[in-house]
Amino acid sequence: MTKLSVNINKIATLRNARGGNVPDLLKVAIDIQKFGGQGITIHPRPDERHIRYQDARDLKSIVYTEYNIEGNPLERSFIDLVLEINPTQVTLVPDANDNLTSNAGWDTIKHKDFLTEIVQEFQRNGIRTSIFVDPVLEMIEGAKIIGTERIELYTEAFAHQYGLGNKKGIDSYVKSAVLANDLGLGINAGHDLSLDNIQFFYQNIPGLLEVSIGHALISEAIYLGLDNVVNMYLQKLK
């Protein structure tokens with residue numbers, strides 16, 4: 001079974017835009033799990049422009065499914081935060097501090113020594129590790145050498161090609177998944193997966209353990225819920 005972990009960064013972005021505590025990040029996390037979500041993902045950045053470090057701490061007592069914290073281990077503050085919270089999983093992502101969102105996987109060959117040290121530190125503390133990678137066979141082989149338990153396939157390229165009608169865009173992901181399975185690596189995936197493309201991706205990727213979806217899911221929740229909320233207001237105004 002493939003688990004759905006919901007990235008709630010966008011909830012924090014909306015909250016921070018106005019100040020205060022609306023929407024309530026913790027209540028959203030509780031509700032997602034109550035509605036059947038099998039995990040909560042956050043990606044705190046050093047400028048705390050969406051998820052704040054205190055959010056990460058507060059969520060520890062709220063998340064009873066899988067708690068996945070993404071981020072760049074180049075920042076010691078991120079490493080210390082993860083060690084303090086001790087989530088189910090840490091996903092290592094090589095994004096620069098000023099990136100709007102993640103846009104590339106790790107070069108697991110170039111950064112082998114650094115990533116090996118970081119992975120071992122987290123594993124010594126009982127935290128499952130996942131490395132964000134492009135669907136490139138050499139990078140997956142490199143991840144295996146590093147010793148991570150899982151990889152997360154960066155799926156933006158697939159989503160873009162699928163949106164253009166090119167279903168062959170999944171081919172490199174299928175090959176990557178087959179290799180990962182052969183190497184004994186667990187497979188996660190995320191970035192630009194949506195209601196439009198998730199089923200096709202899921203049906204074609206062998207051994208897919210988890211998808212992490214945020215921007216699309218939150219946007220779709222707004223669209224699919226607008227009718228209900230608008231009519232609730234209209235009823236109040238009668």
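Residues are numbered from 1 along each chain as its sequence is written. Because the model is predicted, local features need pLDDT of at least 70 and side-chain atom pairs count only at pLDDT 80 or more, while totals for chains, interfaces and linings use all residues, and side-chain values use heavy atoms, with hydrogens and water left out.

Let us begin with helix H1, residues 9-18. Helices (H or I, at least four residues) and strands (E, at least two) are DSSP runs, numbered from the N terminus. The buried residues of H1 are Asn9, Ile11, Ala12 and Arg15; here buried means under 20% relative accessible area, exposed over 50%, and partly exposed in between, with a 1.4 Å probe and protein chains only. These four cover an arc of only 155 degrees around the axis, which puts them on the same side of H1. That arc is taken from the directions from the helix axis to the C-beta atoms. What does the buried side of H1 pack against? Its buried residues meet strand E1 (3-7), helix H2 (25-34), strand E2 (39-42), helix H3 (53-59) and helix H10 (215-236). On the face turned away from the buried side you will find the exposed residues Leu14, Ala17 and Arg18. Just after H1 comes Gly19, with a positive phi of about 85 degrees.

Now turn to strand E5, residues 128-133, where six of the six residues are buried. In a regular strand the side chains alternate between the two faces of the sheet. In E5 both faces are covered: Arg128, Ser130 and Phe132 are buried on one side, and Thr129, Ile131 and Val133 on the other. Strand E4 (residues 89-92) runs parallel to E5 and is joined to it by four bridges; two strands pair if DSSP finds at least two bridges between them. Across this pairing, Leu92 stands opposite Ile131 in E5. E5 is also joined to E6 by four bridges, again in parallel, and there Val133 stands opposite Leu153. To get from E5 to E6, the chain passes through helix H6 (residues 137-146) in a right-handed β-α-β crossover. Right-handed means that, with the strands pointing away from the viewer, the path from the first strand over the helix to the second runs clockwise.

Strand E6 spans residues 150-154 and includes Arg150. Is Arg150 buried or exposed? Arg150 counts as buried because its relative accessibility is 14%. Beyond its neighbours within four places in sequence, Arg150 has contacts (heavy atoms within 4.5 Å) that include Gln89, Arg128, Ile131, Asn188 and Glu210.

Our last stop is the aromatic rings, which form eight pairs in this structure. Rings of Phe, Tyr and Trp (its six-membered ring) pair if their centres lie within 6.5 Å; planes under 30 degrees apart count as stacked, over 60 as edge-to-face and the rest as tilted. Phe158 and Tyr162 make a tilted pair, 5.7 Å centre to centre with 40 degrees between the planes. Both lie in helix H7 (residues 156-163), four residues apart, about one turn of the helix. Phe158 is buried at 1% relative accessibility, whereas Tyr162 is partly exposed at 21%. Tyr173 and Phe201 form an edge-to-face pair, 6.0 Å centre to centre with 75 degrees between the planes. Tyr173 belongs to helix H8 (residues 171-183) and Phe201 to helix H9 (residues 198-204), so their pair ties together parts that are 28 residues apart in sequence. Both of these residues, Tyr173 and Phe201, are buried. Finally, ring pairs link Phe158, Tyr162, Tyr173, Phe200 and Phe201 into a cluster.
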